[in-house]
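Please look over the sequence and the structure below. The paragraphs that follow lead through selected residues and pairs.

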Amino acid sequence: MAYTSQTPVVEHDVLKAQKFVNSIIGVLANEVTLPKTFRRENIDIFKGTEGDTLTQRFPGHLPWREYNFRNDRTNPIVFDTLTEATASITVGDRIYSATRLTDEQRDFDDLTIEQLTPDMAQAVVDGINTKATQAMEAVQYPITIGGTEADLLGAILEARRVLNTLRVPVPNRFLAVSSDFEVALLTDPKIVLAQNAGDRRADDALSDATLGRL
């Protein structure tokens, strides 16, 4: 057919790769669980650093003291030393997923990159979650809360008390638990009793598998 100025032009609306990738990222964003609790920084801050390593400084804490009013000034002033802590942050390996797509699979099996991308993205998410879990488990924590098996909620409240004492900001607090711990917590008699009694907040929390401020 000859093309003339009166022939309507039909533009192909091809799905751009960037649009597709962004949609996959949006779908899988909710599955990146533990890494969401980590502090995020732009990788540009590592440029020009020796060994691709940064040093993070953590502020110290000084105690308060009292001095008697109208004393004879013979009591010496107690001087305290401010001590700060540091931690080294190093660029680690990148998480990726790769697979092959042959011409035969594409032409005869109707297998497309659009079908493979969600599974590859899920593999990357699983790797990031696993790395975050390993990083948290490898930390040498100065305080450990015991008695968890005997009293789940009591242990959580004790952890809250410790965090209050250490002045950890409330927005920086979260509870990361395993699947077994989650089931034990959601079947705790105190919470189940509240649900059976018609406590709407407890019912919503259990239906969403989240406790929040309950």
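Is Asn-129 buried or exposed? This is a predicted model, and in it Asn-129 has a relative accessible area of 15%. The cut-off for a buried residue is under 20%, so Asn-129 counts as buried. Asn-129 is part of helix 3. Leaving aside residues up to four places away in sequence, Asn-129 touches Glu-31, Val-32, Thr-33, Leu-34 and Pro-35.

Thr-112 sits in the loop between helix 2 (103-107) and helix 3 (113-138). With a relative accessible area of 30%, Thr-112 is partly exposed. Thr-112 and Leu-101 are separated by 11 residues in sequence, and their C-alpha atoms are 7.9 Å apart in space.

The next topic is charged pairs. Side chains of opposite charge can pair when their charged atoms come close. How many salt bridges does the model contain? The count is four, and three of them are described here, including the one between Arg-57 and Glu-84.

In that pair, the N to O distance is 3.7 Å. Arg-57 is exposed, at 58% relative accessibility. Glu-84 is partly exposed, and its relative accessible area is 40%.

Another salt bridge joins Arg-65 and Asp-80, with 2.6 Å between the closest N and O atoms. Both Arg-65 and Asp-80 lie in the loop between strand 1 and strand 2, so the pair ties together parts that are 15 residues apart in sequence. Arg-65 counts as partly exposed at 48% relative accessibility. Asp-80 is also partly exposed, with a relative accessible area of 32%.

The pair of Arg-161 and Glu-158 is set within a helix. Their side chains meet in a salt bridge at 2.7 Å, N to O. Both residues lie in helix 4, three residues apart, which is about one turn of the helix. Arg-161 is partly exposed, with 46% relative accessibility, and Glu-158 is partly exposed as well, with 29%.

Most residues other than glycine have a negative phi. What is the phi of Arg-73? The angle is near 65°, a positive value in a residue that is not glycine. Arg-73 is found in the loop between strand 1 (53-58) and strand 2 (85-90).

Where does Arg-167 lie? Its place is the loop between helix 4 (152-165) and helix 5 (179-186). Arg-167 is exposed, with a relative accessible area of 59%.

Conventions. Residues are numbered from 1 along each chain as its sequence is written. This is a predicted model: local features need pLDDT of at least 70, side-chain atom pairs count only at pLDDT 80 or more; totals for chains, interfaces and linings use all residues. Side-chain values use heavy atoms; hydrogens and water are left out. Helices (H or I, at least four residues) and strands (E, at least two) are DSSP runs, numbered from the N terminus. Buried means under 20% relative accessible area, exposed over 50%, partly exposed in between (1.4 Å probe, protein chains only). Contact means heavy atoms within 4.5 Å.
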